[in-house]
Amino acid sequence: MTSVPEAAAACGTDPAGPGGRGPEQPADTGLRTGDGPPPWHGLTSLQVLRHLDSGPRGLVEAEAVERLAGSGPNTVPSWSTASWPRRLVRSLRDPFTAVLLCLGLVSAVVAAWGTASVILSLVVVSCVLRAGGERRADRSVAALRKLVATTATVLRRPAEDEPPRSREIPVDELVPGDVIRLGPGDLVPADVRLLRASGLTVHQAPLTGESAPVAKQAVDAPEPRGGLFDRPQLCFQGSSVASGSGTAVVVSTGPHTRFAATRSGPGQRVASAFDRSVHGISWVLIRFMLLTPPLVLMANAALRGRGFETLPFAVAVAVGLTPEMLPVIVTTALARGASLLARDHRVIVKRLPALHDLGAVDVLCLDKTGTLTQDRPVVHRALDARGEQDPEVLRWAGVNAWWTLHLADLPVPDALDEAVLDAVEEDEALEYDGVAALPFDAVRRLSTAVVRRPGRLGLHTLVVKGSPEDVLERCTLTEGERARLLALAAREAASGLRVLAVATSERRARDRAYTPVDERGLTLVGFVTLRDTLAPTAAEALEVLADRGVTVKILTGDHPGTAARACRDLGLDPGVVLTADTVGLTDGELAVAARSTTVFARCAPEHKARIIAALRADGHTTGFLGDGVNDLPALHAADVGICPRDAVDVARESADVVLADKDLTAIAHAITSGRHSSVNIATYLRITLSSNLGNVIAMLVTGLMLPFLPMLPAQILVQNLCFDAAQLAFAFERLRPAALRAPTVLQPRYFLRFITGFGLLGAAADLATFGVLALALHDAAGSGQAAFHSGWFTENLLTQALVMLLLRTGRRAAEGATASPVRWAAAGLAVIGILLPLSPLGPLLGMTALPVLYYPLLAAVLALYTVALVAARSRYDRPGTER
């Protein structure tokens with residue numbers, strides 16, 4: 001006898017709806033093995049066995065060995081991870097790293113060996129850090145990876161004329177034609193066709209996203225309905241047995257299974273938000289850098305008569321414009337954030353740039369089951385026929401659930417039966433003596449327990465529970481009364497509840513077996529309504545996500561009312577629910593609808609991917625949480641694909657982020673960590689680019705006014721090294737909470753405006769210093785040239801220290817907080833700027849001690865520069881300004 005869980009029959013659910021496999025999807029062409037046998041779902045079990053040259057007693061061992069050699073092992077091809085050399089080469093494709101590499105090679109060509117060695121060292125460090133971080137993430141994911149199945153129970157015969165023997169074999173030794181046995185808790189090791197089944201239900205969530213178990217039956221002539229996964233006689237690799245048992249013949253193994261076919265389905269992931277922003281900023285920098293050396297050469301040749309002897313200076317100026325430490329700081333900030341996430345919250349970031357994308361996420365798409373709700377219903381209310389609460393209804397529902405479980409030989413209770421049993425006292429069910437039970441099946445959509453009530457000798461009581469439509473059809477009611485009760489059940493279902501009807505009937509005791517024919521002439525007791533159990537941390541996590549400016553959208557295959565109720569229970573306004581049958585909109589119309597829609601119900605995999613694509617086209621950075629094969633298109637369509645540790649293997653390999661548990665709180669922590677890294681990276685970019693641009697402009701202008709170079713190439717290099725080393729502190733900067741409340745996206749247009757404004761301000765301070773030096777120094781030759789270099793070197797490092805302090809995002813830290821690493825780094829940079837010209841290294845770099853008059857004049861310039869910086873920064877901090 002086959003059985004189907006009552007969850008599929010309760011109002012508020014749709015047997016074809018969960019997972020999005022409703023009538024809107026065309027039927028699949030079926031399973032195929034090798035070079036193309038016919039669709040297995042269109043054949044009888046006998047035809048399948050004949051085609052596979054097998055039988056109910058299984059294969060002969062020798063035949064199985066031959067087939068294994070021909071078909072290959074039953075393993076899904078795994079995605080190999082990249083080797084170290086390949087990772088290093090792939091890191092060179094990063095635009096900033098490529099720019100640094102080119103500058104290093106140019107420096108080597110012009111024999112600027114110090115500049116070349118430093119730049120190339122930075123390239124190597126950046127590549128090693130990035131490759132090492134990705135390799136550590138791959139090792140962590142490999143440790144989480146679970147096999148689809150390890151062993152299988154197979155029937156095989158030692159020889160043709162000997163009886164079959166049941167034994168366990170490694171799953172990779174299965175071949176088409178093998179006859180296997182399935183029991184509760186077993187993982188389906190291959191695609192199989194059922195030969196026999198008894199109460200068999202299967203979890204197909206990894207393949208379809210359907211939360212409720214699906215009934216499987218060994219039928220020979222099923223009615224075609226829905227897609228391939230709706231076929232009751234087929235089970236697929238990646239699913240698991242929830243209840244019952246069965247015997248099946250293997251029809252597809254290894255790369256020919258539906259599970260393996262998903263690996264070649266989704267195309268290559270489109271560029272992420274991080275990739276797009278980095279490429280945009282990189283090309284802005286590259287344009288500046290390509291213009292700088294020719295400009296310097298032509299200007300010096302035209303105005304000062306200098307030739308190619310200024311080429312090292314031109315290269316040094318171009319290097320000064322480049323954020324040399326950006327690859328190192330980006331990698332360090334992201335690797336540190338990923339490490340803290342893995343240590344503190346058990347969140348593994350597989351691609352380091354994905355952490356930045358997490359910080360930029362402003363729309364998070366997820367399913368309802370397992371995130372907002374647990375995969376476990378609970379009793380909401382028990383209503384009598386008038387719609388009023390009545391505990392007697394729940395008591396009779398508990399009697400049905402208890403004795404059905406114990407008398408129908410079911411290995412585990414149905415999820416709805418478990419909820420009912422949790423809500424009633426066990427003693428109430430034990431007051432009755434169980435006589436017989438008719439378990440739930442998909443045709444009747446109800447279950448019946450026959451019990452003997454105390455003091456009712458000679459009478460049996462039938463207790464029937466199931467779908468309201470089917471139970472009421474068997475009750476003695478007038479048409480008007482039946483219509484009223486159906487409307488009552490429909491109202492409860494529309495509010496997002498699952499509804500079960502309970503009815504009873506008294507019959508004379510008998511020894512003859514009870515059959516479904518006896519389920520007639522019933523008296524309705526009432527209705528039991530059930531709701532999904534809310535995830536304990538979901539409400540708090542939704543509040544945190546809302547505080548972070550992240551909009552949550554629910555993409556689910558469930559009933560619209562069920563999804564909407566879960567949202568309301570968590571304080572999330574569902575608004576108007578959009579269902580898959582109304583997503584026949586154009587891409588533009590869907591993007592407009594998605595702005596105001598929170599819940600998308602009845603979603604198939606292609607619907608989820610299309611909705612995410614529409615959100616991205618509308619300018620949003622999207623994250624998607626999924627755990628099944630059916631979620632692969634959406635995982636690839638999103639900027640950040642997220643999956644839990646217990647997701648199917650192929651989903652874990654496709655995702656960018658892996659969670660230890662399917663918990664929204666972990667995602668909130670991951671987004672916060674991504675925001676932290678993103679803010680620090682953006683802060684570094686703003687500061688280094690504006691400061692570098694100001695220095696370059698001042699050098700170009702001053703170089704045309706002086707008879708000598710304003711700074712020697714070695715001095716530019718040392719200054720850059722000191723500034724870059726100090727800015728490593730940005731990777732460890734602590735931020736105030738307000739800085740994390742909105743996504744930080746690297747906008748090339750905003751950065752160009754920011755660095756131009758503050759760069760010109762910095763150039764003005766540098767030129768003012770030029771006037772200060774003219775007053776403090778009495779000659780421009782001999783020691784005057786070295787003094788000019790010293791004065792400008794000191795001023796540059798001091799202004800850069802001020803910029804680090806005043807332009808950093810986290811500068812207004814909470815009172816009582818310890819000094820930030822940026823403060824210490826800026827202080828160290830200022831000390832170096834003042835003391836280095838006075839140290840023994842000063843003469844080696846072409847610098848000398850400065851007159852005392854220079855310092856008070858420089859202090860006045862720095863005070864004015866500080867006021868200008870604060871005023872300009874307040875303008876950029878106004879609400880509505882891009883970040």
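Modeller: Please do. The model is predicted. One point to start with is that the charged end of Arg686 sits over the ring of Phe754, 5.6 Å from the ring centre.

Colleague: What makes the charged end of Arg686 count as sitting over the ring of Phe754?

Modeller: The limit on distance is within 6 Å of the ring centre, and the charge must also be within 35 degrees of the ring normal. The charged end of Arg686 is 5.6 Å from the centre of the Phe754 ring and is listed as sitting over that ring. Likewise, the charged end of Arg510 sits over the ring of Tyr514, at 4.0 Å from its centre.

Colleague: Why is Phe754 called buried?

Modeller: Buried requires under 20% relative accessible area. Phe754 has 0% relative accessibility, so Phe754 counts as buried.

Colleague: Which aromatic pair includes Phe754, and why is the pair called tilted?

Modeller: The search of the whole structure finds 5 aromatic pairs. One of them is described next.

Modeller: Phe754 pairs with Phe758: the ring centres are 4.5 Å apart and the planes lie at 35°, so the pair is tilted. Stacked would need planes under 30 degrees apart, and edge-to-face over 60. Both residues belong to helix H25 (residues 748-776), 4 residues apart, about one turn of the helix. Phe758 has a relative accessible area of 3%, so Phe758 is buried.

Colleague: Where do Trp396 and Tyr432 lie, and how far apart are they in the chain?

Modeller: Trp396 is in helix H12 (residues 391-407), whereas Tyr432 is in the loop between helix H14 (426-430) and strand S12 (433-438). They are 36 residues apart, and their pair links distant parts of the chain. Both Trp396 and Tyr432 are buried.

Colleague: Why is Leu835 called partly exposed?

Modeller: The term covers values between the buried limit, under 20%, and the exposed limit, over 50%. Leu835 has a relative accessible area of 48%, so Leu835 is partly exposed. Leu835 lies in helix H27 (residues 821-835). Together with Val831, Ile834 and Leu838, Leu835 makes a nonpolar surface patch of about 340 Å².

Colleague: How many residues does the protein have, and what share is buried?

Modeller: The protein has 883 residues, of which 57% are buried. Its secondary structure comprises 29 helices and 22 strands.

Terms used: Residues are numbered from 1 along each chain as its sequence is written. This is a predicted model: local features need pLDDT of at least 70, side-chain atom pairs count only at pLDDT 80 or more; totals for chains, interfaces and linings use all residues. Side-chain values use heavy atoms; hydrogens and water are left out. Helices (H or I, at least four residues) and strands (E, at least two) are DSSP runs, numbered from the N terminus. Buried means under 20% relative accessible area, exposed over 50%, partly exposed in between (1.4 Å probe, protein chains only). Rings of Phe, Tyr and Trp (its six-membered ring) pair if their centres lie within 6.5 Å; planes under 30 degrees apart count as stacked, over 60 as edge-to-face and the rest as tilted. Patches are made of residues with over 30% relative accessible area and no salt bridge: like charges are joined within 9 Å, nonpolar side chains (Val, Leu, Ile, Met, Phe, Trp, Tyr) within 5 Å. Accessible areas come from the Shrake-Rupley method with a 1.4 Å probe; for residues, only the protein chains shown count as cover. A salt bridge is a side-chain nitrogen of Lys or Arg within 4 Å of a carboxyl oxygen of Asp or Glu.
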